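Hi,

Here is the structure I said I would pass on. Have a look at it, and then read on for what turned up.

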Amino acid sequence: MTETMFQASVRMPVRAARTSLLSRVLASWQGRIGGGIVTFFTLMAVFAPWITPHSPTEVDFMSVMVVPTLEHPFGTDEVGRDILSRVILGARTSLLVVVAATLISSVAGAAIGLVAGWVGGWVDTLVMRVMDAMLAFPLIVLALAIIAVLGPSLTNAIIAIGIVKIPHFARLMRGEVLTLRTLDYIKAVETMGLGLPRILLRHVLPNAAGPVLVYMSIAASLALMTEASLSFLGLGIQPPTPSWGGMVSVGMQNWHFWWMSFYPGLAIFITVLAFNLLGDAIRDAMDRRLS
Amino acid sequence: MNSMMAMATDNRAVPLTDGPATSSPLLGVEDLGIAFGATKVVEGLRFSVDPGRTLAIVGESGSGKSITSLAVMGLLGSSASVSGRALFRRRDGEVVDLLRLSPGRSRALRGDEIAMVFQEPMTALNPVLRIGDQLVEVLRNHGRPTRGAARARALEMLRTVGIPDPESRLHAYPHELSGGMRQRVMIAMALMLEPGLLIADEPTTALDVTIQAQILLLLRRLQKSLGMALVFITHDLGIVGQIADDVAVMYSGRVVEAGPARAVLATPNHPYTRGLLGSAPQVDASGTPLPLKPIPGIVPSPVFPPAGCRFHPRCGEAKAGLCDRTEPVLEPTGSARGVSCLRWKEIAS
Amino acid sequence: MTRPLLEVRRLRKTFAPRRRGGSPVRAVTDVSFDLREGEVLGLVGESGSGKSTIGQCLVHLHRPDGGEILLDGENLATLPRGAFRRRRTAVQMIFQDPSSALNPRMSVGDALREALRLHSPHAGRDVIEERLERLLRLIGLQPEHASRYPHQLSGGQKQRIGIARAIAVEPRCLIADEAVSALDVSIQAQIITLLGDLQQSLGLTMLFISHDLGVVRYVADRVAVLYLGRLVEIGPARDIFAAPAHPYTQALLAAIPDPARPLDESAILDDPAGPDPRAAGGGCAFAPRCPHVMDLCRKDQPFLTQVAADHTCACVLRKIHPDRQGETV
Amino acid sequence: MRRVLDPVLQIVPTVLVVSLIAFLLTSLLPGDAALSRLGLDATQEQLDTMREQMGLNDPVPVRYLYWLGRAVTGDLGNSLRSGEPVAEVLARRIPVTLELAVFGTGLALLIGVPLGILAAVRRDSWIDVATNLFALSGMAIPFFWLGLLLIMFFSLHLQWLPPSGYVPFFENPVRNLHLMALPSLTIAVAFAATLMRQTRASMLEVLNADYIRTAHAKGTPPIRVILHHALRNALIPIITVLGLQMGTLLGGAIVTETVFGLPGLGRMMVDGIYKRDFPIVQGALITIVVAIVVTNLLTDLCYRFVNPRIR
């Protein structure tokens, strides 16, 4: 009845066939740039061993801390390893951490949130109290505490980063479930006596998945950032495995050789930016689709 | 109330029909068009209101009635392109075109000479400001009242709109009041400076029916005592019969029928007006409900409007080759009435 | 007389206070009524009257705090979960808001097939498809609408699908909760007509919940009027509209806008504050707004008393003047 | 009174759960606390006695209650390395992080909120695009890398500010501010970016609200509509974000302290992990988390003040 609704529908005139989410994401500049960089980053990580111009691990004391040249476009480090090659290989480590940690946190968090939101009552109160308490810890602090217990390693970094993001997904999913429960179509299938698994899988999950998907992109960027910070502090990926955060840390001890910390840091920056752009694009695409 | 009915039947020239208005009305809208991009949501609209009269604009969602009121108020965003004229006679006699005013002059009129009451009393008041402050702000926007004078005026208006215990309400927040009370506050706020024109956009739609009756009565009493012109926008023909002197029926961005409210409701000329009356729950003199005669089909989208007469796909009287080709214009039918239908004469006979 | 299909007895529902320290909200207090086989009972009230809460209790979206809901003599309110699920399709609901009534990710056909399969799990594909087509025609749509998604339908069409889904499981009774309130006048008339036709052809039993007496008049055989969670009057629709007994029903009727009838100023309640559950105290909830209020009203809760055949009303005035039954106060 | 007391009482269970998590994490730390205290030369007998003395043989719930009892009296144990009471270490470290957090928040508010308002009001203009780019970059830039870039530019290239070190404010205010400038800017950038986006988003939402239309309809000057009607409402979600972002801010402080060599809480925790000095880690962890819970409480109180609907 209100004219504002009317205006909104006027603003985007054609709502003909449902176009796929992907094409809507790629229709925005955020989606194209973010998606492009994330694809590039993924390919680089997958094919890293075959595309590095030099060996990322070979020590060469004849060319220690060389300024960027054609031979070494990003320069070399304190033991003469090619920084470009190490940045390329570092993408592999980062991708592994990002994918594994985000999967852990999204699956576990969404499951917890779904149960808490649907069951309600004391289960909800108890679970969410623990989640809220975990949320009081800053990401990096909780990750550090978990690392302190488990010891620094790649696997432990994945576990720590995976665990710290669980409450975010749980809260998000719980909120979605609570909203959906107020909608008439969920009430309708409840009153029809449809089986619980079918209600959850067919009606609740598909309609709650959108925000979770958007948040996965943001969680991926946070996972990357947390891994880099842990490695920077020397408590994440351990040398000699190359990691962008660790490389910046080494570079920090050699301020005057700027390229040692500049390029790995730039790699983190661009990749995190790409995930954020992609997240924005997916969110906008979903908003438009659901309106 | 009988006086209102009497007024509605006298043969005033309602300048909805062709030709220039004889006596200059308070507000005269001519050939108003509103478009968002290529989508024309309102076209060729004309109506006028005199001081002391109530014009009801009636239509379903998407008819463009609310957007018209926003255009007259100068509250449409920059995404809309507006054409035509809306001539308003100011207190000092100057006639201005509301659609061509500078933002500053438009603002100077709003709240002072033209005021508006909106549909949703729950969201139309600012939730974080006290009622008193929101009332007083109207005075501060249009002058420099002393604290005491402003407060006194706010109190007086709260009393006028029938709010019990007005002193304590001045310090209340909107969420502490019921829907009906909030709508009374909205009316008090609109009338702080005794505007010549009040536009009420579905002011009772969100309210319960017993409260709706109270608000209608209040609006009617205030309108008579202040002698202002009232434009009342509604989707409910029942309300038109209760409050309006004149009525303009809108469909898909156009006026399809206009004239004195009682005459239009008694003998509608346009098939759409008939359909609306047939859709509205009504009883005969003995209290038995009259059978419903719904209009088939759905309201057309303004993006893909039908060719010819916009109502023809739903119209039982539509003639192929005529109504789907030629677009009708609002033509006079005598006794201050107008209709926009190619076949109204044939239908009438 | 045969047993009513659905018997509601002293139904109570109280909601926890929204804020800490607030007082609990008594949404429904001791409401009793019958729903007889094949009739349409209009449940009428303004916001806060508890009419929607009653509807939601009947389809088990809320668990009542007290009272009984007897379907064929079996108490739904206390039935264990498993047993209840099997009985669930017996009572179905049509919801108010067409925009949220359908799963946006499911086609119309899939949504209806789901309901049809629920009703006959062992039916073959052909049978389901045939029933789907019949169902769509029944509610005035075409078979090709089955492949549409909700965003491709108008509000009225969505509401038709909502009705189809509810009747697909062949329920014993339907609850229509403000089923036409969100629609435009011209569409509203279409849906009212459709509901009337379906009721005739399928012999549906229906509880029609609405704030709009004008609409209820078209569909209901009997009308129950609620005020702040209590039943104040119930009786045959014709009696209620011709000779409303309760002052609140009278005010409600007088307030219906009718194009052919001017506003009746004398019948408008003079109480800007509106309904307030706290203002009533121990007495009649309507007393603070009632034009005929007496001292007695503020002290005692009136009970439902018979005023005419099959017509009861909860008002002290009615008790005092039993000889004036049926007359307007 | 009630509206202040209620939220205060509500954080008690949160603090308990938080302290339990912190205790469990640190009590699971590898490395034997008794061994750490006595050194590798200790005999098995000495170790057993020490374990008994330290209560390490008691069941975990008993140890937690015991630990909690001492913690609320301010006794957080002693450093395993230096033997110094943890509370004293904290007393030295807290002011550093507090100063960093206060300056960082202040800067972020000064940058983020006005830019957010501007972006919302001038929606889709070049200002909106530019601030959006700033916000996207600000949220993507790692604290440690931004810190390094700032050092390279302002300290090494321009030689305006010292690259690292710390002097307490009351010892030498000017020097302190010099040293704190870059670290504060470092943690402020990401925070400002988040605040800006939130401010823009909630302003846009509020500017679409019915009551904004009402304000225009009564002839309110546009600037007053924005600052008086819109901002007051938009502040409500901004305050929520302010509270939620405290964690990110303190997390950023940990990394930033490492870059700039500031002896704050974060550095304390990281060093503690390196040295397996669990009372130190525990002390730092608890302090950081309690600080966050308390800031959340303060924002909650602010929220109640700004939003009359939940009073």
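Into which domains is chain D divided? There are two stretches to look for: domain 1 covers 2-72, and domain 2 covers 94-310. Before going further, please keep in mind that this is a predicted model.

**Chain D**

Let's stay with chain D for a moment. Taken over C-alpha atoms, the centres of its domain 1 and domain 2 are separated by 33 Å. The two domains of chain D do touch: 15 residues of domain 1 are in contact with 12 residues of domain 2.

Along the principal axes, the C-alpha atoms of chain D fill a box of roughly 85 × 55 × 35 Å. Chain D has 311 residues, and 51% of them count as buried. If you take the contacts in chain D with a separation of 6 or more, 71% are between residues 24 or more positions apart.

Two packed helices are described by the angle between their axes and the distance between the axes. For helix α5 (residues 86-121) and helix α11 (residues 246-260) of chain D, the angle is about 120 degrees and the axes are 10 Å apart. That angle makes α5(D) oblique to α11(D). If you want to find the contact, look on the α5(D) side for D:Thr97, D:Leu100, D:Ala101 and D:Thr105. On the α11(D) side, the residues are D:Met246, D:Leu249, D:Leu250, D:Ala253 and D:Glu257. As for handedness, α5(D) and α11(D) make a right-handed crossing.

**Chain B**

Now over to chain B. Its domain assignment gives domain 1 as 4-113 + 193-348 and domain 2 as 125-192. Between the C-alpha centres of these two domains of chain B there are 30 Å. Domain 1 of chain B puts 19 residues into the contact, and domain 2 of chain B puts in 14 residues.

**The nonpolar cores**

Which residues touch the most other members of the largest nonpolar core? They are B:Leu27, B:Ile34 and B:Leu98, in a core of 195 residues. Helix α9 (residues 209-226) of chain B gives this core its largest share, 9 residues. Both domains of chain B take part, with at least three residues of the core drawn from each of domain 1 (4-113 + 193-348) and domain 2 (125-192).

B:Leu27 then touches B:Phe47, B:Ser48, B:Val49, B:Val72, B:Ala86, B:Leu87, B:Phe88, B:Leu98 and B:Leu197. There is also a second, separate core of 135 residues, and its members include A:Val25, A:Ala101, A:Leu144 and A:Phe269.

**A few single residues**

B:Ser69 is in helix α2 (residues 65-73) of chain B. Is B:Ser69 buried or exposed? B:Ser69 counts as buried, because its relative accessibility is 4%. Not counting residues up to four places away in sequence, B:Ser69 touches B:Met116, B:Ile199, B:Asp201 and B:Ile233.

B:Ser252 is in the loop between β9 (246-251) and β10 (254-260) of chain B. B:Ser252 is not a glycine, although its phi is positive, at about 50 degrees. With a relative accessible area of 5%, B:Ser252 is buried.

Two histidines of chain C come next. You will find C:His60 in the loop between α1 (51-58) and β4 (66-71) of chain C. C:His60 is another residue other than glycine with a positive phi, here near 70 degrees. The relative accessibility of C:His60 is 16%, so C:His60 counts as buried.

C:His145 is in the loop between α4 (125-138) and α5 (155-168) of chain C. Its relative accessibility is 9%, so C:His145 is buried too. Apart from residues up to four places away in sequence, C:His145 touches C:Val108, C:Leu153 and C:Gln157.

Happy browsing!

Notes:
Residues are numbered from 1 along each chain as its sequence is written. Chains are lettered from A and ligands numbered from 1 in the order in which they are written. This is a predicted model: local features need pLDDT of at least 70, side-chain atom pairs count only at pLDDT 80 or more; totals for chains, interfaces and linings use all residues. Side-chain values use heavy atoms; hydrogens and water are left out. A nonpolar core is a set of buried Ala, Val, Leu, Ile, Met, Phe, Trp, Tyr and Cys residues joined through side-chain atoms within 4.5 Å. Buried means under 20% relative accessible area, exposed over 50%, partly exposed in between (1.4 Å probe, protein chains only). Helices (H or I, at least four residues) and strands (E, at least two) are DSSP runs, numbered from the N terminus. Domain bounds come from an automatic or database domain assignment. Contact means heavy atoms within 4.5 Å. Axes are lines fitted to C-alpha atoms, for helices over the stretch in contact, and angles run from 0 to 180 degrees between N-to-C directions. Angles under 35 degrees count as roughly parallel, over 145 as roughly antiparallel, 65 to 115 as roughly perpendicular and the rest as oblique. A crossing is left-handed if the near helix is turned anticlockwise from the far one by less than a right angle, and right-handed if clockwise.
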